[in-house]
Amino acid sequence: MLQPSYIVITTPAIDKMRAGKRGALIVFEGCDRSGKTTQSSRLVELLKANGIPVLPMNFPDRSSSIGKDINSYLTNSKDLPDEVIHLMFSANRWELVNQMKNKLLEGTTLIVDRYSYSGVAYSAAKGLNFDWCYAPERGLIKPDAVFYLKASADDLTNRGKYGEERYEKVEFQRRVGEVFDRICSKEASYWHQFNASQPADNLHSQIVTITEELLPKVATQPLDKLS
Ligand code: T5A
């Protein structure tokens, strides 16, 4: 059993992870301010404390040149057509696909704050065609699990700093949530939905339970692609 981050332990499951097996690709998704950063950071710290090789990632990765343009768009200092920014978000993931693959095959678990599904949800919520939005994501690495933090848009507006970036508007977030719900029902075999309005500690415990089962299970499975 994974222990709280202040206790470092070794169990058969962890020994197996250390034996050259691949890492897991775990993605956090949800509307703005749903608690993805809080929960993904806590999971990273827990895995590290248990000696499991882990790397946190987040999309958009604002450090690359594409990422810098995305940042200018999100902070309203640059305008781009919806189709263009959509493809830039996707390109921002493709920039890192080889690095992600290598890390996973080396045995490192990746905990990723937003991925392809955010790309689809935010652009489809603007009115772009769902299948068109999904097309550039095909071929990227398929996550082993997606943790979907779901809360009402009204609840999330009350959280710190809401409203600073381009998409942080209640009506828009409601539409984004509807697209996430649609993806969640379609991809139910590896999506796990959580009530993001519950206390962060409860949420963390539920996420840990699923992660604990997932890591040894996927360690011997080949990587899959989004199709
Ligand atoms: N986007 C992204 C696209 O359009 N296409 C794409 O392809 C991609 C990848 C930036 C924007 O880009 C869009 C989506 C976004 O609009 P971002 O940088 O990830 O994406 O921005 P946010 O989702 O807004 O990320 P945030 O860091 O702002 O929110 P988080 O990570 O969901 O939430 P977190 O953990 O920072 O928590 C927010 C607040 O809530 C509190 C925290 O303390 C904090 O104050 N909180 C809770 N409060 C009560 N109960 C809980 N359980 C709580 N958990 C956290």
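Helices are DSSP runs of H or I that span at least four residues, numbered from the N terminus. In the predicted model described here, tyrosine 134 belongs to one such run, helix H7, which comprises residues 130-134. With a relative accessibility of 11%, tyrosine 134 is classed as buried, because the threshold for burial is under 20%. When residues up to four places away in sequence are set aside, the contacts of tyrosine 134 are Val120, Leu226 and Ser227. The C-alpha atom of tyrosine 134 is also 9.5 Å from that of serine 90, although 44 residues separate the two along the sequence.

For lysine 36, a polar side-chain atom is found 2.5 Å from a ligand oxygen. In the case of threonine 37, the distance between an N or O atom of the side chain and an oxygen atom of the ligand is 2.4 Å. The side chain of glutamate 168 likewise has an N or O atom at 3.4 Å from an oxygen atom of the ligand. Of the 1,000 Å² that the ligand exposes when taken alone, the protein buries 80%.

The backbone of arginine 114 has a positive phi of about 75 degrees, although the residue is not a glycine. The side chain of arginine 114 forms a polar contact of 2.9 Å with the side chain of serine 118. Serine 118 lies in helix H6 and is buried, with a relative accessible area of 8%. Beyond its neighbours within four places in sequence, serine 118 is in contact with Glu29 and Phe180.

Most residues other than glycine have a negative phi, and most peptide bonds are trans. Asparagine 76 has a relative accessible area of 47% and is accordingly partly exposed. A cis peptide bond, with omega of about 0 degrees, links phenylalanine 59 to proline 60. Proline 60 is part of the loop between strand E2 (54-58) and helix H3 (65-74).

Methionine 88 provides a view of helix H4, which covers residues 82-94. At 15% relative accessibility, methionine 88 counts as buried. Excluding residues up to four places away in sequence, methionine 88 touches Ile66, Asp69, Ile70 and Leu80. Between the C-alpha atoms of methionine 88 and glycine 23 the separation is 27 Å, the two residues being 65 apart along the chain.

How values were computed: Residues numbered from 1 in each chain as written. Predicted model: local features only at pLDDT ≥ 70, side-chain atom pairs only at ≥ 80, totals over all residues. Heavy atoms only, no water. Helix = DSSP H or I, 4+ residues; strand = E, 2+ residues; numbered from the N terminus. Buried < 20%, exposed > 50% of the residue type's maximum accessible area, 1.4 Å probe, protein only. Contact = heavy atoms within 4.5 Å. Polar contact = N/O pair within 3.5 Å; in protein donor to acceptor, adjacent residues only side chain to side chain. Areas by Shrake-Rupley, 256 points an atom, 1.4 Å probe, with all protein chains shown as cover.
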